[in-house]
Amino acid sequence: MSLKEQLTADMKEAMKNKEKDRLAVIRMVRGAIRQQEIDGQKELGEDDVIAVISKEVKMRRDSIEEFQKGGREDLVEKTQAEIDVLMPYLPAQLSEEEVKELVKAAVEQTGAATPKDMGKVMGVLMPKVKGRADGKMVNNIVKSFLQG
């Protein structure tokens, strides 16, 4: 079953079970996928759907930081609940140790030594971690490898 079919099935299940919050999140992500298809004038494949879901999760993680700065714990909880609905649709997430191993290999492969070489490392690394790790965590790990 493709991710889009899974989302449709889960949407129907959420409707039957009257899970309003889950239903709203699934509808939102299906809408984002549909909008992407309309904008690109093509049907999205699995990787593209994962990219859309990853983008939605990233937007929510960024929002959580802002809500925490503003002391809005109610919105933090609501946004975290939305992330919890979306995470099962993404591939298994890499641990920090697994990302460090991939970063180490990418640094050795590119011969990067200074923070100026970060683009080279990220270019090699991102296809391997796309949708499987938080981009901010990957960025911080690469910075730490290139600074010390």
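E19 is partly exposed, with a relative accessible area of 30%; this class lies between buried, under 20% relative accessible area, and exposed, over 50%, as judged with a 1.4 Å probe and the protein chains only. E19 takes part in a salt bridge with R22, in which the closest N and O atoms are 3.3 Å apart. The term salt bridge denotes a side-chain nitrogen of Lys or Arg within 4 Å of a carboxyl oxygen of Asp or Glu.

The model is predicted: local features need pLDDT of at least 70, side-chain atom pairs count only at pLDDT 80 or more, and totals for chains, interfaces and linings use all residues. Residues are numbered from 1 along each chain as its sequence is written, and side-chain values use heavy atoms, with hydrogens and water left out.

The chain as a whole may now be considered. Its secondary structure comes to seven helices and zero strands, where helices (H or I, at least four residues) and strands (E, at least two) are DSSP runs numbered from the N terminus. Read from the N terminus on, the elements therefore follow the order α-α-α-α-α-α-α. The C-alpha trace spans about 55 × 40 × 25 Å along its principal axes. Of the 148 residues in the chain, 32% are buried. Contact means heavy atoms within 4.5 Å, and among contacts between residues at least 6 apart in sequence, 58% join residues at least 24 apart.

The surface and the charges complete this overview. The chain exposes about 9,300 Å², of which carbon and sulfur atoms supply 51%; the accessible areas come from the Shrake-Rupley method with a 1.4 Å probe, and for residues only the protein chains shown count as cover. There are 26 positive and 27 negative side chains in the chain, and the centres of the two sets lie 3 Å apart. In this count Lys and Arg are positive and Asp and Glu negative, while His and the chain ends are not counted. The place of each charge is taken as NZ of Lys, CZ of Arg, CG of Asp or CD of Glu.

A search of the whole structure finds 16 salt bridges. In one of them the side chains of E37 and R34 meet at 3.3 Å, N to O. Both E37 and R34 belong to helix α2, where they stand three residues apart, about one turn of the helix. E37 counts as buried because its relative accessibility is 10%, whereas R34 is partly exposed at a relative accessible area of 49%. E37 and R34 are also members of a network of salt bridges that links them with K4 and E43. A further salt bridge joins D74 to R72, with the closest N and O atoms 3.0 Å apart. D74 is partly exposed, having a relative accessible area of 44%, and R72 is partly exposed as well, with 39%.

E56, in helix α3, counts as buried because its relative accessibility is 8%. The side chain of E56 makes a polar contact of 3.1 Å with the side chain of R60. A polar contact is a pair of N or O atoms within 3.5 Å; within protein, one must be able to donate a hydrogen and the other to accept it, and residues adjacent in sequence count only if both atoms are side-chain atoms. Leaving aside residues up to four places away in sequence, E56 touches M28, V29, A32 and L86. E82 lies in helix α4, residues 73-86, and is buried, with a relative accessible area of 17%. A polar contact of 2.8 Å joins the side chains of E82 and R60. With residues up to four places away in sequence again not counted, E82 touches V25 and R60.

Most residues other than glycine have a negative phi. K18, however, has a positive phi near 55°. K18 is placed in the loop between α1 (3-16) and α2 (20-40), and it counts as exposed because its relative accessibility is 71%. For Q41, phi is likewise positive and near 55°. Q41 is found in the loop between α2 and α3 (46-69), and its relative accessibility of 74% is why Q41 counts as exposed.
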